[in-house]
Amino acid sequence: MNPPFGALGIGVKNPLAKVYPRSKNDLLAMFVERGLELLRTGGRLGAITSRTCFFLSSFQKWREEVVLGIAEPEVMADLGHGVMDEAMVEAAAYCLVKR
Amino acid sequence: MLKGKDDVFLNPEFFVDGKPVTEPLTKDAPNENQPKSTHLLAYRRLRDPRTIKLLDPACGSMHFGLYAFDLFEIIYAEAWDLNFPFSGSRGAGGNGLKPLRETYASKDAYLRDIPRLIIEHNLHGIDIDPRAVQIAGLSLWLRAQRSWQQQKLRPQDRPSIHRSNIVCAEPMPGEKAFLDEFIAAPMKHFGNRPKNVSMPRSKPMPNRPSKAEATCAVYLSMMQPKALPSLTCAVSVMTWR
């Protein structure tokens, strides 16, 4: 998936932060968490997103409890600039396996 | 920003006299995060290809789905020759389906049906843009026609595709007044909506992912099957739990 990313709109921020407390800072984190929820054990989630979620300290909980907690990274490519045509974003593509 | 022991920063503030402040990356640098041994992920059991599901939750015009279509075609073609035995509800003939060789009289009949099977059983997509959802449905339908063209199948002999699993999810924050208004409004993009808005079809669809189904609260409409032959398209509202 190539989910939307960025901070949440004011109207949805609080309700969503309650449902996804581990992924509340960014929509992409929520898409990953929800995607993993939908998978059977052994199912795979592939995503291309901004790479910042793997580096910013505000994503620590998401990394520890979602990416490494309910899933296991199988492969990851830290792509950087110029991958997504027009989007000014440094990208990373990865595949997670549901535990 | 977190940084590992071996990271080299390229921003100017990390350089002193033209040299990076951090230690350069070396091959034998100890890294406590490095796994001690190779970790192998076990292959998953083979299963009836009709029970494999792919969901793109932000599918746009279904670009990823088109790529997956190619892979599913290969998986399906292999499945006939493998003819693997029953292995529980998820194996051959799982989910209430008869095994492939009981469903089809011949391999040719089966190969002919694969494009339809992929669209009806395997590919699932959600997007917030109704136009993108229309295009996604169309692009899958065209992709199926391409396969049939390659099989030199005359249009009148091609299986008809009765549904696709692409839905439009209006990102509602859960305000009931807006939701009611949305349901009441005619969906001009998609023709008339069915009378029963709580269920998408007169009979339940057993093959949709159950949790995704739970999030899709209201199905609104589908394309007139005659308007675009062999293609249907559903629209739904997603509600946050």
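# A tour of chains A and B

Start with Met62(B): at 0% relative accessibility it counts as buried, the term standing for under 20% relative accessible area, with exposed meaning over 50% and partly exposed in between (1.4 Å probe, protein chains only). Everything on this tour belongs to a predicted model, in which local features need pLDDT of at least 70, side-chain atom pairs count only at pLDDT 80 or more, and totals for chains, interfaces and linings use all residues. Residues are numbered from 1 along each chain as its sequence is written, chains are lettered from A and ligands numbered from 1 in the order in which they are written, and side-chain values use heavy atoms, with hydrogens and water left out.

**Two positive phi angles**

Stay on Met62(B). Its phi is positive, about 75°, although Met62(B) is not a glycine. The residue sits in the loop between strand S3 (54–56) and H1 of chain B. Helices (H or I, at least four residues) and strands (E, at least two) are DSSP runs, numbered from the N terminus.

Now select Lys152(B). Phi of Lys152(B) is also positive, near 55°, in a residue other than glycine. Look for Lys152(B) in the loop between H4 and S5 of chain B. Buried or exposed, Lys152(B)? Lys152(B) is exposed, with a relative accessible area of 72%.

**A charged network in chain B**

Salt bridges (a side-chain nitrogen of Lys or Arg within 4 Å of a carboxyl oxygen of Asp or Glu) are the thing to see here. Asp70(B) meets Arg143(B) at 2.9 Å, N to O. Asp70(B) lies in helix H1 (residues 63–82) and Arg143(B) in helix H4 (residues 130–150) of chain B, so this pair ties together parts that are 73 residues apart in sequence. Glu73(B) also forms a salt bridge with Arg143(B), the closest N and O atoms being 3.0 Å apart. Glu73(B) is in H1 and Arg143(B) in H4, so the second pair links parts that are 70 residues apart in sequence. Shared partners join Asp70(B), Glu73(B) and Arg143(B) into one network. Arg143(B) is buried at 7% relative accessible area, while Asp70(B) is partly exposed at 33%.

**Across to chain A: a strand pair**

How many salt bridges does the structure hold over all chains? There are 11. For one in chain A, pick Glu74(A) and Arg44(A), whose side chains meet at 2.8 Å, N to O. Glu74(A) belongs to strand S2 (residues 71–80) and Arg44(A) to strand S1 (residues 44–50), so the pair ties together parts that are 30 residues apart in sequence. Glu74(A) counts as partly exposed, at 34% relative accessibility. Arg44(A) is partly exposed too, at 36%.

**Arg51(A)**

Move to Arg51(A), in the loop between S1 and helix H3 (60–70) of chain A. Arg51(A) counts as buried at 17% relative accessibility. What joins its side chain to that of Asp78(A)? A polar contact of 2.7 Å. Such a contact is a pair of N or O atoms within 3.5 Å; within protein, one must be able to donate a hydrogen and the other to accept it, and residues adjacent in sequence count only if both atoms are side-chain atoms. Not counting residues up to four places away in sequence, Arg51(A) touches Asp78(A), Glu90(A), Ala91(A) and Ala92(A), contact meaning heavy atoms within 4.5 Å.

**Helix H2 of chain A**

Select residues 27–38 of chain A. Helix H2(A) has 12 residues and reaches 17 Å from its first C-alpha to its last, close to the 16 Å expected at 1.5 Å a residue; the expected span is 1.5 Å times one less than the number of residues. Nine of the 12 residues are buried, so H2(A) is largely enclosed by the rest of the structure. Among them are Met30(A), Phe31(A), Glu33(A) and Arg34(A). At the N-terminal end, Asp26(A) is the cap: a side-chain oxygen lies 2.9 Å from the backbone nitrogen of Leu28(A).

**The cores**

Return to chain B for the largest nonpolar core, a set of 26 residues. The term covers buried Ala, Val, Leu, Ile, Met, Phe, Trp, Tyr and Cys residues joined through side-chain atoms within 4.5 Å. Residues with the most contacts inside it include Phe69(B), Tyr110(B) and Leu140(B). H1, helix H3 (107–122), H4 and strand S5 (165–172) of chain B each give two or more residues to this core. Finish in a second, separate core of 19 residues, which includes Ala29(A), Phe59(A), Ala71(A) and Tyr94(A).
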